[in-house]
Amino acid sequence: VIMGGGPAGSTTARFAAKNGLSVLVVDGRESIGEPLQCGELVPSNNEMKRLCPDVPDIDELFKTPANVISQHTSEMYLVPPSGKPLKYNFEGYMLNRVKHDQELVSLAKSHGAEFLTGKRVQDITDNSVILKDGSKINAKIIVGAGGHNDPLRKKYWDVKSLNIPVKFVLMDGDFSNAVELHFGSVAPGGYAWVFPKEGGANIGLGIQRKFAKGQSLNIFADKFISQYQGNISFKGAGSLPMSGTIESF
């Protein structure tokens, strides 16, 4: 049983089912991938091979169907408070993240994985996953792939983590092809981003509250987003878990 059907959960499901295991993915959302909660940028597989040369089978691990890529990027700008960017080559994909997650679900299903959606996990006891409706699912292996609020993680891991709250919008308009990351006073303890998409951009910001001098996330996000002109077609929020490398599984 895999708790969470996002990219981690559905990819785990694909590999497990492909290798002959009976797999059930449980997810609290009725439609996996919705609502959108992220900036939608991923490195290309070639970029991943450059960044992480010792990771095997990257092309098999990271499946990004062509129909979910909104735009290809070739540059990354790291923007300090001075506003003068440091420019780097960066080969990336801007996704339609909702479609992306749904395609990974379909890929896992094609190898035999099953999905149970609209069901939230209440607890894990021994080899049983207990759902909030009181039903119980037994499994030899239980995987927590539900992000920072995953019930298995919260119950069994004693790993300190930092969750950075974020707010973002999808904005229509013309933007450069460069991926922008803004650091410093614009986003205390975090960063802001402008990620170009076909016909617009994903623009957002996250902070650490302890560095914000009493100002709310909304103030920083509204100020940053207001610098850009265009029709806002979607507003979203989420959380970035930033816990570093865990010492042991």
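**Figure 1. Lining of the second largest pocket in the predicted model.** The residues that line the second largest pocket comprise 11 nonpolar, three polar and one charged. The structure shown here and in the following views is a predicted model. This second largest pocket has a volume of about 280 Å³. Its lining is made up of 15 residues, and those nearest the centre of the pocket are Val1, Leu21, Ser22, Val23 and Ile141. Two elements, α1 (7-18) and β9 (136-138), each contribute at least two residues to the lining. The largest share, three residues, is supplied by α1.

**Figure 2. Helix α1 and the elements packed against its buried residues.** Helix α1 consists of 12 residues. From its first C-alpha to its last, α1 reaches 16 Å, close to the 16 Å expected at 1.5 Å a residue. The buried residues of the helix are Gly9, Ser10, Thr11, Ala13, Arg14, Ala16 and Ala17. Against these buried residues pack the strands β1 (2-3), β2 (24-27) and β6 (114-117), together with the helices α3 (58-61) and α4 (97-110). Just after α1, glycine 20 adopts a positive phi of about 95°. The helix also takes part in the pocket of Figure 1, where three residues of the lining come from α1.

Figure 3. Across the whole structure, a search finds zero disulfides. A disulfide is a covalent bond between the sulfur atoms of two cysteines. The cysteine sulfur closest to that of cysteine 38 belongs to cysteine 52 and lies 18 Å away, so the separation is too far for a bond. Cysteine 52 is likewise in no disulfide, its nearest cysteine sulfur being that of cysteine 38. With a relative accessible area of 29%, cysteine 52 is partly exposed.

Figure 4. Valine 143 belongs to strand β10, which covers residues 143-144. Its relative accessible area is 24%, and valine 143 is therefore classed as partly exposed. When neighbours within four places in sequence are left aside, valine 143 is in contact with Val1, Ile2, Met3 and Thr12. Among these partners, Val1 is also one of the residues nearest the centre of the second largest pocket. The C-alpha atom of valine 143 is separated by 31 Å from that of glycine 189, a residue 46 places away along the chain.

Figure 5. The peptide bond leading from glutamate 34 to proline 35 is cis, and its omega is near -5°. Glutamate 40 is also found in the loop between β2 and β3. Phi of glutamate 40 is near 75°, a positive value in a residue other than glycine. Glutamate 40 counts as buried because its relative accessibility is 4%, which is under the 20% cut-off.

**Figure 6. Aspartate 126 in the loop between β7 and β8.** The loop that holds aspartate 126 lies between β7 (121-125) and β8 (128-131). Although aspartate 126 is not a glycine, its phi is positive, at about 55°. Aspartate 126 is classed as exposed because its relative accessible area is 69%, which is over the 50% cut-off.

How values were computed. Residues numbered from 1 in each chain as written. Predicted model: local features only at pLDDT ≥ 70, side-chain atom pairs only at ≥ 80, totals over all residues. Heavy atoms only, no water. 1 Å grid on protein atoms, 1.4 Å probe; cavity = no way out; pocket = protein on both sides within 12 Å on 5 of 7 lines; lining within 4 Å. Points joined across faces, edges and corners; volume = space filled by probe spheres on them. Helix = DSSP H or I, 4+ residues; strand = E, 2+ residues; numbered from the N terminus. Nonpolar A, V, L, I, M, F, W, Y, C, P; charged D, E, K, R; others polar. Expected span 1.5 Å × (residues − 1). Buried < 20%, exposed > 50% of the residue type's maximum accessible area, 1.4 Å probe, protein only. Contact = heavy atoms within 4.5 Å. Disulfide = S-S within 2.5 Å.
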